[in-house]
Amino acid sequence: MNGGPRLFSILRQGPYLIASIHTALDDSQLVRFQQDLVERIGSDRARGVVIDVAALDVLDSFASRTLRDIGEMARLRGAVTVIVGIQPDVAFAMVELGMDTGRVVTALDLEEGLAELDTYAAAPPAPRR
Amino acid sequence: MTRYEDPSLTVAPTGATGDLDGDTLLPQLVAHLREHRTRLRQEWVGRIQQAHLLQAMTAQEMSAETTLVYDNYVEVLETGSVEALQHYARDLSERIIPRGVETHEVVGIVLLLRDVLARSLFEKYQRDFALLNRVLDAYEPAANRIANTVAVSFVEERERVIRQQQDSIRELSTPVLPVRERLLILPIIGVLDRERARQLTVQLLGGIRTHRAKVVVVDITGVPDVDESVANHLVRTVDASRLMGASVIITGLSPEIAQTLVTIGVDLSKMNTIGDLQGGLEEAERLLGYAVSREDGNGGP
């Protein structure tokens, strides 16, 4: 299951992790992405994660659920997650199909996502219900 | 190929009378029409005036255009190729459509020309009925094809103009205006139908990306009413904008739209709405961290 080249990268940037998905991932690659990322949050002691999906022109229900799950897992491990770079078509298709990113925050692009994480770090919001 | 002189056969379509006839008759016919060009054209113009067609044109234009149409007509009869005519008809339509010339007029004048020419053929060949029949067999299909070509070209040109206008209306209908850095306004005026709602989504989401907007104010003061599918579409657009990291503020909901939305049970809990555009802009500025104040210190907006 973990064979083949990685189709994503997880880079460290200060206290944050930047995870970019380079191309459409199939389900097993998504699971690998999730495992790697959640592991790195612990090992790098990251306080925030930006997941960049700008290269994707499709986000199916499994992918958006995985992203939502990653957000929850990251929160449990002490990091805030921001999803960035959802393309206009993808955004509308997701809404049409009734998918969303749950409590995970979204931002326009990487720069915005990092700014978003900075505001969270400055003033962590009270846990939302 | 034997040449049939049986008159009963001459009423059959051209093909049956033998191509031999068509080959020799058409050049003859064309020569006849060329020879009497001036007289026939004037007769035709007379008929056009009698029928009160093309009244938008001056006498000079009429004379110039009819000459061109006549020559094109004869040329098509001669060569059998409608391409040049098509081109000319489109060109003509482009010139006369803005002046309010109607379809029936264009078709009318071409049919008149067909009739004028047919009559002159009757006159010339009236003594030999069989020959006349064969001449008409050669003439009629070509003449009908010409009428058809002109009419189709005219209608196509009109449709092209209409499409072009529709496109420009569509482009005008949902402008995306950057007001401040990262703040966009989309004023919507007029009925919001499905097509325009779709257009709105494309413009809005595209605008968020190109202008890197964080807040978008959609002002629907000028929208009289929406139906359920458009309302749901609006809600989905707002959700999609949020996925792209922008918040949408809807302003100027009319009482009718407010009632419609609540009655049909659209989920508006996630919609940020504010009474008017002014309030919407103030809220947007607040979200973006702008503080606007007046120079004389009498408080801001």
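## Burial and make-up of chain B

In this predicted model, 31% of the 301 residues of chain B count as buried; a residue is buried if 20 or more other C-beta atoms, placed from the backbone, lie within 10 Å of its own. Chain B has eleven helices and five strands, where helices (H or I, at least four residues) and strands (E, at least two) are DSSP runs numbered from the N terminus. Among contacts in chain B between residues at least 6 apart in sequence, 77% join residues at least 24 apart; a contact requires C-beta atoms, placed from the backbone, within 7 Å.

Because the model is predicted, local features need pLDDT of at least 70 and side-chain atom pairs count only at pLDDT 80 or more, whereas totals for chains, interfaces and linings use all residues. Residues are numbered from 1 along each chain as its sequence is written, while chains are lettered from A and ligands numbered from 1 in the order in which they are written.

## The sheet of chain A

Five strands of chain A form an open sheet with mixed pairing, in the order β1-β2-β3-β4-β5; two strands pair if DSSP finds at least two bridges between them. At the edges are β1 (8-13) and β5 (105-107) of chain A, each of which pairs on one side only. On average, neighbouring strands of this sheet are turned by 25° against each other, direction ignored.

Strands β2 (residues 16-21) and β3 (residues 48-52) of chain A run parallel and are joined by five bridges. Ile18(A) has Val50(A) in β3(A) as its bridge partner. Helix α1 (residues 27-43) of chain A lies across β1, β2 and β3 of that chain, at about 15° to β1(A); axes are lines fitted to C-alpha atoms, for helices over the stretch in contact, and angles run from 0 to 180 degrees between N-to-C directions.

## Nonpolar cores

A nonpolar core is a set of buried Ala, Val, Leu, Ile, Met, Phe, Trp, Tyr and Cys residues joined through C-beta atoms within 7 Å. The largest has 69 residues, of which Val49(A), Val50(A), Ala91(A), Val216(B) and Met244(B) touch the most other members. Its largest share, six residues, comes from α9(B). Apart from this core lies another, of 37 residues, including Trp44(B) and Ile96(B).

## Where the chains meet

In chain B, 14 residues are in contact with 14 residues of chain A. On this side of chain B, the elements giving two or more residues are α8 (194-211) and α9 (228-243).

How values were computed: Two residues are in contact if their C-beta atoms, placed from the backbone, lie within 7 Å. A residue is buried if 20 or more other C-beta atoms lie within 10 Å of its own, exposed if 12 or fewer, and partly exposed in between; C-beta atoms are placed from the backbone.
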